[in-house]
Structure formats: structure tokens, C-alpha cells
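Student: I have a structure open and would like to go through it piece by piece. Can we start with the helices?

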Amino acid sequence: MSHLSERPEKSVVGVSMPHESAVLHVTGTALYTDDLVHRTKDVLHAYPVQAAKAHGRITALRTGPALEVPGVVRVLTGADVPGVNDAGMKHDEPLFPDVVMFHGHAVAWVLAETLEAARLGAAAVEVELDERPSLITLQDAIAADSFHGARPEMLTGDVEAGFADSAHVFTGEFHFSDQEHFYLETHAALALVDEAEQVFVQSSTQHPSETQEIVAHVLGLHSHEVTVQCLRMGGGFGGKEMQPHGFAAIAALGAKLTGRPVRLRLNRTQDLTMSGKRHGFHARWKIGFDGDGRIQALDATLTADGGWSLDLSEPVVARALCHIDNTYWIPNARVTGRIAKTNKASNTAFRGFGGPQGMLVIEDIMGRCAPLLGLDPMELRERNFYQRGQDTPYGQPVSQPERISAVWEQVKETGGLADRKREIAAFNAAHPHTKRALAITGVKFGISFNLTAFNQGGALVLIYKDGSVLINHGGTEMGQGLHTKMLQVAATTLGIPLHKVRLAPTRTDKVPNTSATAASSGADLNGAAVKNACEQLRERLLQVAATQLGSGAADVRIVEGVARALGSDKELAWDDLVRTAYFQRVQLSAAGFYRTEGLHWDAKSFSGTPFKYFAIGAAAAEVEVDGFTGAYRIRRVDIVHDVGDSLSPMIDIGQVEGGFVQGAGWLTLEDLRWDTGDGPNRGRLLTQAASTYKLPSFSEMPEEFNVTLMENATEEGAVYGSKAVGEPPLMLAFCVREALRQAAAAFGPGGSSVELASPATPEAVYWAIRSARRDGVPRKGRADNDSASGDHATVSRAADRAAADGGARAGAKTLSGA
């Protein structure tokens, strides 16, 4: 076992404990960025002037009326920017635009003594536009050939030969929806300037170093003149990886120009209309299977709705391509990606970062094709699992493929799937208007940033003379429990009780040049860096202890805050050891660093080894569907997930549960709508609040929810043998959508291949049921094509039919059997 993975005796990691701020959360005493306003003197409030058109050049911007509003101090416009008028890393996001690119685009910001005065001032600003045509839907952009950014292609094997060798070939299309982050805390920043003209920004950001960089270049400063701190976030989910930068820059610019602190906090409607979402995708695909149902070839084009600027769309699409295989070996593949440019807020990172979109495509294909192949969907999936020695389409060997089958079989066994399927068949036979179904799906998710340079972490650990320890690291806390794990890592490495360790807020002047807390890498990168810093300190202290105990340093162990020499009864308490080290002038601070080894990625050839390892999981969901309304309930969910040797089991189980529910929300409930008409509100987001945007709540939770962490699952080469847990569980929710598909199909003839929109709302399920009843496709249906390669399938435009029936907006294509 590697040094990084090995755990010492009586370690604090692996112990179940609550979140380090749990008591603060539930008592309301936890401070967030906007809470700091009440502790800051003479704060000005910022409010956006939002354009009410989706696209148009600004011909007039009259700020004078705003300045006449009592309490308004200043209106910020592009003319006020001393540095670069851009808030994006791609330099395609002007902070103050000349051209409005989406409905709700902020063209100016009003600063006032009170939030109400700022609101009234913003309403008084007069904006005139030369309106231009706008592209609102992904389909509109594709039809208009409106694309931007890179167009990667992933190629492996001989695709044409693969199709020629296929006994069954199917084609189809699939359009699925975006998703709003809906974190509890909206975007917020508080900026002030000190007597040395240093800019200090409190920001709700997952990437303080990049926020620092953007603020600096907007203000025309160097990074060492800007400090960004993230105390904690009330949720992030990727929505605060790139998009906080501009809001922080506005606050900092206002503070710089007025000399007063400036607070910017979006209300919920502003956050929904101004910030990006998970990318909605359109997929066009062709897949070939041999006579036994094993995949032979895949040819697919994935188109992401990028919104008006690139943001993180390029890496999102790259990760979607890297995950279209999910748990299945595809020997011959050609998958291309592209980014549609639409007149909507720029879409951005969201838990899974493109991985869920790519994986959803292949899971949808498997669910639709299984009946046409005459196979149970569970069997079709099992037949295509990765085996030892097989590589991904981008050339990375799949390590530990046996875990794919192991978690799958454990779910089948502990969930009693075989018996329950028989019970469901009997129930369905006796209930013509209510159907149940049980589906199981797996997850294989790569852990690491695709951009190799981001796979580094830093930490600063300080030991004080009284034996107390303060740790700083580059990761941010958004409720996911990262800080809890870092406290456990530090206590374990130093060999001291947890109460001896405290964690400081994340700041750019403590740990520089950090990567975003994203890609599920927070614990891997920062945990290894904290461990590295603590090991440096421990080695120094072992030398001191060895002298005091009369032994060699290699024979000294520090366990539970006591240093002991092997074979001796002598011992030295931690506090005494630290005090002795201080008087011996031993350095009691250390900077830790970690870089993930063994990674390589060639973006041009779209090949390499971008991931340190794969996180594995499997989930089964049982649903019950009402045939009259499409309403459904999730009766039971069983999950087995691989987190390696968990750093903090209670935290990890919470992450699995939360990720699953969020994934189920994306796939079944959360339905973003924009005004796509040609009226005055074209491009306006219609689902601007929780009243119109349905989020999963207690009523959508599974009635029985069983989560098990895989045992004996040490991950070699990761901090204390653990694995990432943030993103992978979200994709476990595919089983819910697949169960709904199977339940809808149960209303039709046997062997029906049923389309199901995403999100699979009750309305969408109803239209799927209606389709199954009316024209479900038997697997031995009409032959549309005869060829030497075997059976083929064609597609028909069922989404249009569903729309005519009043059905789901976002549909798939229906396969016609062959």
C-alpha cells in the first residue's frame, strides 16, 4: 500500500461524525457572506439594471434619473472600469456589455445607501436597445448553425466496420433539459478597500483564486493587491465555480470608486435570471449490437446549450464525451461534441460537469433498445459491463472493472430484486390502471480535472505553543463536509485528538493559486496537501520526541496526543512535546502541496489518462405509476456506492443521499421554461421561483431509502485510501427514470420501446403511457430496412406528436422496430 493511502492506528479518519458546522447550521449562527454586512460600517448596496430583451445593441443608457433618487450614490457603467471590462476566463463576457445577449442581462449597477434606494434607482435608469433576432432554444441554434468554442471528436476502433458487423442497428435523437442549481444562498459578495488600497472581497465562491484573478484584472491591479475569502457557502453545486467572479468584481469596483464597502446579493429572481444552469443537451446517435446484445459501435453527436458565452462549456462537453460510455465497453466509437450559442444566461458547471449528460445518453439508449433486442434492460446492461483489460474510448484502461459488477450484484442481492420483480409482475397483472417497475443502473465516473494543471492542492498548517493546531487549505466549504474531512485528516496525520484542530476560512493570502473546489476533487487534492504539511511537522516533532524519550525517531509513535517509543514505557504528552519543540527553535508551521501523478490529456487527439481513478456505484429504484394522470411515487431505492475507505462515513452517506435526490430532481421534476414566442417577452425565463420551478422535497423522497458504502474498498494512491463522493452519486438517479420508462411500457403491449422525455414529469410520464397504449412498438415489428448487417431501426418525430397532444416539451425520438 502506498504511503498516501496507509492509515495509522487509531486514526480519526473513518470515524462517523457530524458536519463540523452542523450545530451552527441548525441554530442559525453560521455566518455566510451576506451576514457580514451587519458587521461592516457604511455599506453601500448594489442592484442590477437588467435588460428586458433577449438580444440587442445598447443605443442609449441614461443614468441621470437614477442619481435623482434619494439615497443613490453612484451608477456603475463600463466607463468606470480601470482595467479589463470582462468577467470571464475566455474574455468573452463583458462585465458591462454593449450588446445585450440574454433577457435579464445586467447593463449597469446602481449603488445606494439602502437596498430599496438601489432598486428604485435601477428602475429609473433608461435603456434603449436596437433589438436583434434571438435564438432561445437549442433547436433554434442548431437550425441556425449557431455554435462557438471547440468541437472535440473522440474516436476509437473502426466505427464503420463495427456497424457492418452488427446484427442490430438503431438510430435516434434525444433532447433533455437543463437544471437550475437553486442553492439556498444566492450569489453574494462584500468588498472593501483598506488604508493601503488593498482590496478585500468576501465572496460566496467555489474558486477564490480565480475570483481574485478576475477582480484584479477588472480593477487593473496585480493579484497580490486583492484578497478573496470564502467563509462558507450555502450550496454551490458548480454554480459558484465561475459565475461569482463578475459579481465580486462589481462589488470591488464600487468599493474602489466610492471608498466605502459595497455589498452585492442577488435576490432569488435575479439569481435565476442572471446565472447559468446545467447545460441542456441534444444527442443524435446510432448504435450497433451483435446478436447477443453486446455493443459493437456507437456514432453520436452531442450538442450542449452553452448560452451566450463559453464560460465552462468546453470542458463540460469534453467530460460529456468522456462519460458517454458509463459502465459499458464500446469497442468502436465516434463521438463529437459542439456548443450551441443561444441568447440565454451562460450555462456553467453543475454537479457532474457534463458527465451526467453523457451518461444519460447511453442509459437512454440502453433503456430504449433493450425491448427491441428482446432483452430485459438489466440483462442488456450486464452483458456490456467493462471487463479486465478493456479501455475507454479515449484510451484510459478501466481499473477495478470488477467493482462495477460487485456493487451491481450487491444491490441485486440486498435489494431482493429477483423476488420483487416477480411480485411486481403479479401486481401489474392484477392492476390495469396502476403499474410498478424496478430498474437498476450503474455509475462509472472519472475523478480528476480534465485539465491536468488543475490537479494540485495546497495547505498551510500552524501549530501554536499551547499545542493547538490551525489548518488552512485551498478548498471551499459549500455544505459538502470538506472541512470536516480535512480536520479528520490533520488529526490523524499528527496523531492528536480532533478537538486540538481548528480550520480557518479559505483565503487567497494563505494558500495561493488554488484550483476550484470542483470535479469531486476537494478531498483528494486538499486532503493530500494537508497530510503533506502535517507530515512535515510530525517528522520535526518526532526528532524532538526521540531526544526526550531516549530512542530513535523511527521508533517513536504519536497516538491520541501522546508520543511513545516502541519497547519503552516512557511517554510525552503532545502539549509538552510542542512546547519543547518551540524552545528548541523547531519550525512549527508548514506549507503542504500535492499534485496528482500519472495524469495525461491530449485535447487535440482527445485521448490520454485524464482521471486518477473511477468512482463506482449502482442503484435500483422501484416506482408506482398512475395510468390516468402519470403521477408516480418512488417506493424504494437501494444504493451501493464505492467511496474507497471513507474518510467520514456519515458525511459520505449524506452526499450519496443528497446527490441521488438532486439527480432525481433533474431527471423527473425540474423543468425550466423560457418564453419562446415572438412577443415582447421573448427569451424571458418563466420559471423564476420555487412556485413555478419544481424542486424535490420530502414528498419526492423514496419511501424506503437504503444506502450502503462498499466495504474493503481501499483506493491505492488516494489520501487514506478514500475516493471522491461529491458528484458520482447524482448519476445513480438514472434508475428512477428507467423505472418510470418501464412502468409506462407496462401499460402497452409486451416488448414495447417507449420514449420518455427528460425531465420525466408526471405529464411526460402520462404521454409516455398514452404512447405505449396507442402505438407501443413490439420488438418484432415492421422491418424498415433490410441489410447484410442485420436488423435496423428508423426514427419518427414523436416529440412533435407529443407536443400536439399537449405533452412534454423535451422529448426523445421513438424507435421503429425492425
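Student: How many of the twelve residues of H18 are buried?

Tutor: Eleven of the twelve are buried, so H18 is largely enclosed by the rest of the structure. Before going on: this is a predicted model, where local features need pLDDT of at least 70 and side-chain atom pairs count only at pLDDT 80 or more, while totals for chains, interfaces and linings use all residues. Residues are numbered from 1 along each chain as its sequence is written, and side-chain values use heavy atoms, with hydrogens and water left out.

Student: What does buried mean here?

Tutor: Buried means under 20% relative accessible area, exposed means over 50%, and partly exposed is in between, with a 1.4 Å probe and protein chains only. Helices (H or I, at least four residues) and strands (E, at least two) are DSSP runs, numbered from the N terminus.

Student: Which residues of H18 are buried?

Tutor: Among them are Phe 734, Cys 735, Arg 737, Glu 738 and Arg 741. Helix H18 covers residues 734-745 and reaches 17 Å from its first C-alpha to its last, close to the 16 Å expected. The expected span is 1.5 Å times one less than the number of residues.

Student: What about H13, which residues are buried there?

Tutor: In H13 they are Leu 417, Arg 420, Ile 424, Phe 427 and Asn 428. They cover an arc of only 95° around the axis, which puts them on the same side of H13. The arc is that of the directions from the helix axis to the C-beta atoms. On the other side of H13, Arg 422, Glu 423, Ala 429 and Ala 430 are exposed.

Student: Why would residues a few places apart point the same way?

Tutor: An α-helix has 3.6 residues a turn, so residues three or four places apart point the same way.

Student: What do the buried residues of H13 pack against?

Tutor: They pack against helices H11 (377-383) and H12 (402-414), and against strands E16 (434-447), E27 (613-626) and E28 (632-641). Contact means heavy atoms within 4.5 Å.

Student: And in H12, which residues are buried?

Tutor: Arg 403, Ile 404, Val 407, Trp 408 and Val 411 are buried in H12. They cover an arc of only 135° around the axis, which puts them on the same side of H12. The partners of the buried residues of H12 are H11, H13, E16, E27 and E28. Just after H12, Gly 416 takes a positive phi of about 55°.

Student: Which residues have a positive phi although they are not glycine?

Tutor: Glu 197 is one, with a phi of about 65°, and Arg 585 is another, at about 60°. Glu 197 lies in the loop between strands E9 (188-193) and E10 (199-203) and is partly exposed at 45% relative accessibility. Arg 585 lies in the loop between helix H16 (574-583) and strand E24 (589-595), and is exposed at 79%.

Student: New topic. Is Ser 648 buried or exposed?

Tutor: Ser 648 is buried, at 0% relative accessibility. Ser 648 sits in the loop between E28 and H17. Leaving aside neighbours within four places in sequence, Ser 648 is in contact with Gly 14, Val 15, Met 17, Thr 484, Lys 485 and Gln 488.

Student: Where does Asp 652 lie?

Tutor: Asp 652 lies in helix H17 and is buried, with a relative accessible area of 1%. Not counting residues up to four places away in sequence, Asp 652 touches several residues, including Lys 485, Leu 709 and Val 725.

Student: Which peptide bond is cis?

Tutor: The one from Ser 758 to Pro 759 is cis, with omega near 15°. Pro 759 is in the loop between H18 and helix H19 (762-775).

Student: Last topic. How many cavities of 30 Å³ or more are there?

Tutor: The count comes to four. On a 1 Å grid over the protein atoms alone, a cavity is a set of points where a 1.4 Å probe fits but cannot get out, and lining residues have an atom within 4 Å of a point. Grid points are joined across faces, edges and corners, and a volume is the space filled by probe spheres set on the points.

Student: What is the volume of the largest cavity?

Tutor: The largest cavity has a volume of about 340 Å³. Of the 19 residues that line the largest cavity, the closest to its centre are Ala 87, Glu 93, Phe 247, Met 274 and Trp 308. H7 gives the most to that lining, with three residues.

Notes. 1 Å grid on protein atoms, 1.4 Å probe; cavity = no way out; pocket = protein on both sides within 12 Å on 5 of 7 lines; lining within 4 Å.
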